[in-house]
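Here are my notes on the structure, point by point. Please keep the sequence and the 3D view open as you read.

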Number of protein chains: 2
Amino acid sequence: MAASTPIPTIYLGAIVHSTSLTTLEICPNAAIGVDSSGMIAFIEKENVSTISDVQFLQNPQNQTTWSHARIITLHGHGFFFPGFIDTHNHAPQHPNTGLFGKTTLLDWLQTYTFPMEASFSDLARAKRIYQNFVGRTLSHGTTTCAYYATIHVPATNLLADICLQRGQRALVGRVCMDSELSPEDYRDASVSSSVADSVASIAYIRSIDEAGAIVRPIVTPRFAPSCTSECLRAMGAVAKRHQVFVQTHISENKSEVELVKTLFPLSRDYAHVYDSHGILGERTILAHAVHLTPQERATILARKAKISHCPASNTAITSGCCPVRSLLDEGHTIGLGTDVSGGFSPSILENVRQAIWVSRHLSLQTGKEADKLSTEEALYLATRGGAKVVGLEGKVGGFEVGMEWDAQMVKLGEVDEAEDRFESGPVDIFGWESWSEMVEKWVYSGDDRNTVAVWVRGRLVHRTGRFEGSGEV
Amino acid sequence: MAASTPIPTIYLGAIVHSTSLTTLEICPNAAIGVDSSGMIAFIEKENVSTISDVQFLQNPQNQTTWSHARIITLHGHGFFFPGFIDTHNHAPQHPNTGLFGKTTLLDWLQTYTFPMEASFSDLARAKRIYQNFVGRTLSHGTTTCAYYATIHVPATNLLADICLQRGQRALVGRVCMDSELSPEDYRDASVSSSVADSVASIAYIRSIDEAGAIVRPIVTPRFAPSCTSECLRAMGAVAKRHQVFVQTHISENKSEVELVKTLFPLSRDYAHVYDSHGILGERTILAHAVHLTPQERATILARKAKISHCPASNTAITSGCCPVRSLLDEGHTIGLGTDVSGGFSPSILENVRQAIWVSRHLSLQTGKEADKLSTEEALYLATRGGAKVVGLEGKVGGFEVGMEWDAQMVKLGEVDEAEDRFESGPVDIFGWESWSEMVEKWVYSGDDRNTVAVWVRGRLVHRTGRFEGSGEV
């Protein structure tokens with residue numbers, strides 16, 4: 001983690017972030033001071049055009065402390081936005097992005113997923129893919145990501161190394177799977193080896209980042225059909241003993257739900273499988289949650305487990321429409337997940353849109369206007385919601401004094417730019433748009449070209465040619 | 001149209017195009033010769049690595065004729081693909097792209113659309129927006145576009161001028177709307193002025209491109225609720241008298257369908273409104289067609305009218321899921337439309353994906369696997385299907401001798417490129433992918449960065465910095 005100590009920096013320009021599920025705060029002329037530990041030291045939300053307008057610096061002591069601060073000013077149309085949080089992502093499946101044909105979950109796993117993941121026994125191959133992919137997710141503004149790796153300890157540890165080196169916050173999980181659903185050459189040999197490998201990876205990740213400031217281990221039983229009852233129970237115990245998060249899948253697809261009924265005849269339902277094996281708690285991230293029964297929803301809520309909504313994936317492999325609005329009304333904690341490569345994009349911004357589209361389709365089915373997610377709600381899920389899911393509430397996902405500077409600089413395109421090559425990205429700003437319209441244009445037509453710089457804990461971790469500030473990544 | 005005579009050119013590299021609704025032909029080592037009129041003179045689909053492999057040039061006479069031909073070779077991972085055909089697009093709404101909130105059709109029109117369109121009485125403003133937008137659609141590989149303009153003759157004619165100058169094939173329609181649904185300051189004053197203005201625009205567009213080789217006029221009654229019965233009938237007569245295409249909307253939204261029932265109590269249904277006013281024929285393009293009854297489908301089929309499917313729009317403003325697969329089974333002719341700005345993207349590639357997503361959601365509702373569109377089918381709609389819709393079947397939409405060279409050069413990204421800036425676009429090619437996998441990666445994660453050059457009738461009309469061939473746009 002060489003060169004990772006950030007210089008105190010004052011960011012000048014518009015800031016946009018969620019302050020609640022339904023409120024997006026837009027401050028066109030703001031300043032944020034970030035200290036050398038990457039923490040937000042002060043925020044001024046109004047009337048800042050230049051550094052001389054910053055009230056905080058009028059205080060002589062502050063002036064002295066911040067005299068050597070770097071100043072990064074956002075010119076043109078754009079704003080600082082919190083880094084995105086991807087609560088569910090299979091990094092090794094990145095080379096399969098866009099490949100699914102007409103498959104659904106269970107045949108998709110056999111056709112595309114397991115063969116690709118099995119190849120991560122080759123560490124050189126794993127390195128090439130993981131380096132590319134961590135760079136990709138950073139380029140889309142993802143500052144925190146909950147990754148499934150593969151069953152291989154060395155490749156899993158390598159993914160953690162890469163995240164730490166690149167400065168992306170990550171939960172990195174060695175995948176546990178010991179049941180016969182998985183191919184013989186791609187599953188854990190026994191429950192004891194599954195436990196030993198998981199513990200080895202936890203120990204390694206803790207050894208490179210003891211405090212878990214950037215990378216943290218996460219226990220990752222793939223999903224109920226991939227695990228024997230013994231293995232599930234053992235994983236619940238490992239998570240408890242080592243005080244780490246757990247991630248798994250639940251109720252993504254109707255055939256999967258039926259399969260779980262067959263495989264776990266003693267369990268009342270899918271949620272109960274996890275609950276009865278010690279997997280369900282407030283440090284548990286459940287991906288999908290599309291077809292839950294009311295009873296399962298109550299169980300998950302009672303255990304305070306978290307939900308990762310993966311709309312692009314749910315649409316692409318025809319899983320269903322997760323009823324996000326009603327889950328929110330019930331009090332569930334929800335973030336967004338790309339679910340690469342069931343999901344066809346590593347971008348959380350794309351998944352903000354997809355979450356809205358899925359909610360529209362649900363509304364078409366139910367006839368209920370209330371099932372539609374608003375832009376504000378979807379952005380909340382992508383930031384503060386995600387932070388709650390991965391246990392970083394109050395630390396990242398918004399801009400407040402005491403929170404850490406996980407942020408992206410968003411720049412939009414000017415219509416009258418040169419030559420119709422549109423290199424500044426897909427958003428056209430004509431100049432008459434209101435601030436909320438500029439944000440909507442970004443949400444509905446922006447992409448990674450608009451994310452010109454990304455910081456984690458104050459460290460610049462990605463930049464494009466359009467970023468005008470200084471600093472090496 | 002200065003500098004528009006293309007030099008005879010031989011394109012070397014992979015070609016990919018639809019040969020039928022369900023078949024995508026992929027020829028990794030092909031050559032296509034395009035003559036100075038922009039027409040495809042020869043195609044060789046196999047075994048061409050360099051120009052010396054081209055059999056056609058072994059013939060001495062051909063060798064002489066083509067001795068001065070330019071050679072454009074596609075290096076790296078990529079292929080030539082037919083230009084996209086956008087069968088439904090409101091160019092003046094481009095500045096509203098991404099702005100819709102939770103509105104649906106009727107309130108969306110009043111809130112966003114009519115005020116924006118009304119502003120096109122200002123020709124300078126129209127010029128700025130249309131120049132930007134025609135450049136945008138070209139940059140996404142759209143070589144033919146059916147445009148709705150506004151009610152203003154000068155701005156409509158300007159759009160035609162810009163399309164002709166930039167070399168984009170276009171059907172350009174002055175919008176007719178004379179009913180009280182529209183604001184007082186944005187509607188035709190009378191049926192006679194509506195006819196006069198429409199005829200004036202038809203005459204102008206014919207005057208700048210008599211043969212309609214690039215731009216053609218199209219009669220454009222907005223939709224039934226915007227027009228009085230007299231106006232609709234008059235527009236049907238104008239289209240017949242001047243032998244031009246007609247475009248309008250049908251059955252996009254349930255409230256709209258109810259409104260039409262109220263406004264046209266003598267008509268059996270929405271399709272019958274158009275049929276009984278002389279609007280429905282084989283030169284008619286009907287956008288949306290989401291909620292048609294079996295009887296309406298039969299009427300449209302009997303009249304050989306064409307359908308423009310606009311999936312992004314239908315999802316964004318919660319209109320519904322057009323049953324494309326079953327319409328195709330019945331024999332309907334269908335293309336894709338972006339429907340900017342009900343649709344949130346000017347990209348037909350995005351709408352290829354959205355068409356697939358909408359079909360997945362329909363399949364989730366009906367439980368029918370047969371409702372799912374395949375990748376091949378969606379690409380067919382985007383090219384050959386669209387060509388049929390706009391009356392260019394056999395001329396564009398595929399690669400055959402005698403067809404015109406409306407094409408895009410698609411280049412994909414190499415994983416091991418420099419510096420993680422991902423300037424070559426969103427698709428990562430690792431090198432082990434099959435050809436069909438490369439095409440799928442483009443379809444499901446590509447964007448305008450992958451469209452590095454675009455030709456219409458042999459003329460280079462767009463290029464990015466990654467295009468290695470020569471030629472000024």
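1. Start with a term. A polar contact is a pair of N or O atoms within 3.5 Å; within protein, one must be able to donate a hydrogen and the other to accept it, and residues adjacent in sequence count only if both atoms are side-chain atoms. Between chain B and chain A, 22 residue pairs are in polar contact, both residues being at pLDDT 80 or more.

2. A word on the source. This is a predicted model, in which local features need pLDDT of at least 70, side-chain atom pairs count only at pLDDT 80 or more, and totals for chains, interfaces and linings use all residues. Residues are numbered from 1 along each chain as its sequence is written, chains are lettered from A in the order in which they are written, and side-chain values use heavy atoms, with hydrogens and water left out.

3. Now the interface. Contact means heavy atoms within 4.5 Å. By that rule, 62 residues of chain B touch 62 residues of chain A. The two chains bury about 5,500 Å² between them. Carbon and sulfur atoms hold 53% of that area. Buried area is the accessible area (1.4 Å probe) that two parts lose on being put together, summed over both.

4. Which salt bridges cross the interface of chain B and chain A? The rule finds six. A salt bridge is a side-chain nitrogen of Lys or Arg within 4 Å of a carboxyl oxygen of Asp or Glu. One joins R449(B) to D448(A), with the closest N and O atoms 2.7 Å apart. On the chain B side that touches chain A, the elements giving two or more residues are α3 (123-139), α10 (311-316), α12 (348-366), α14 (435-445) and β19 (459-463). Helices (H or I, at least four residues) and strands (E, at least two) are DSSP runs, numbered from the N terminus. The residues on this side of chain B split into 19 nonpolar, 23 polar and 20 charged. Here Ala, Val, Leu, Ile, Met, Phe, Trp, Tyr, Cys and Pro count as nonpolar, Asp, Glu, Lys and Arg as charged, and the others, Gly among them, as polar.

5. Over all chains, the search finds 44 salt bridges. R136(A) and D428(B) form a salt bridge, 2.8 Å from N to O. R136(A) sits in helix α3 of chain A and D428(B) in strand β17 (residues 428-429) of chain B, so this pair joins two chains.

6. Look next at a helix pair in chain B. The axes of α12(B) and α14(B) are 7 Å apart, at an angle of about 90°. Axes are lines fitted to C-alpha atoms, for helices over the stretch in contact, and angles run from 0 to 180 degrees between N-to-C directions. The two helices are therefore roughly perpendicular, a label for angles of 65 to 115 degrees. L349(B), V352(B), R353(B), I356(B) and W357(B) of α12(B) meet W442(B), V443(B), Y444(B) and S445(B) of α14(B). That contact has seven nonpolar, one polar and one charged residues.

7. Turn to chain A. Helices α12 and α14 of chain A have axes that come within 7 Å and cross at roughly 90°.

8. Finally, check the backbone. A cis peptide bond joins V340(A) and S341(A), with omega about 5°. S341(A) lies in the loop between β14 (334-336) and α12 of chain A. In chain B, a cis peptide bond joins V340(B) and S341(B), with omega about 5°. Q243(B) is not a glycine, yet its phi is positive, near 55°.

Definitions and conventions: Parallel < 35°, antiparallel > 145°, perpendicular 65-115°, else oblique.
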